[in-house]
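Dear colleague,

Please find below the structure that I am passing on to you, together with its sequence. My notes on it follow directly after.

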Amino acid sequence: MVRQYLKYRDKKQLRPRGLVVAEIVDHQLRIGWSLCDERDTFTKATASNIAIGRMDTAPILADAISPQSVLH
């Protein structure tokens, strides 16, 4: 199992504002996210904890694409 992290940056000031985390479990893509308010200070640990918590308890689900299905 490999988790992939992606930071979302504010367009104006290029500061981190959120985090998306995803992993494939049993051929299903599970996604969790976090987004801080403009007035908050982004911290990677807090963003990661929130995103992973959402991924574990109430994930956004999608079917994962296998390499074999892309090649055929």
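Two residues are in contact when heavy atoms of theirs lie within 4.5 Å of each other. In this predicted model, residues 24 or more positions apart account for 38% of those contacts that have a separation of 6 or more.

As to the overall arrangement, the protein has 2 helices and 4 strands, and their order along the sequence is β-β-β-α-β-α. The chain has 72 residues, of which 24% count as buried.

The largest nonpolar core consists of 8 residues, namely L19, V21, C36, F42, A47, A51, I52 and M55. Strand β2 (16–25) and helix α1 (44–57) each supply at least two residues of this core. The largest share, 4 residues, comes from α1. One of the core residues, A51, touches L19, V21, G32, W33 and S34 when residues up to four places away in sequence are not counted.

S34 deserves a paragraph of its own. This residue is found in strand β3, which spans residues 28–35. Is S34 buried or exposed? Its relative accessibility is 7%, and S34 therefore counts as buried, the cut-off for that class being under 20%. A polar atom of the S34 side chain lies 3.1 Å from the backbone oxygen of A47. Leaving aside neighbours within four places in sequence, S34 is in contact with R17, G18, L19, A47, I50, A51 and R54.

L35 also lies in strand β3. In contrast to S34, which is buried, L35 counts as exposed because its relative accessibility is 51%, and the exposed class begins over 50%.

Finally, I would draw your attention to D63 in strand β4, which covers residues 60–63. With a relative accessibility of 66%, D63 counts as exposed. How far apart in space are D63 and I24? Although 39 residues separate the two in sequence, the distance from C-alpha to C-alpha is 9.0 Å.

With kind regards

Key:
Residues numbered from 1 in each chain as written. Predicted model: local features only at pLDDT ≥ 70, side-chain atom pairs only at ≥ 80, totals over all residues. Heavy atoms only, no water. Buried < 20%, exposed > 50% of the residue type's maximum accessible area, 1.4 Å probe, protein only. Polar contact = N/O pair within 3.5 Å; in protein donor to acceptor, adjacent residues only side chain to side chain. Core = buried A, V, L, I, M, F, W, Y, C linked by side-chain atoms within 4.5 Å.
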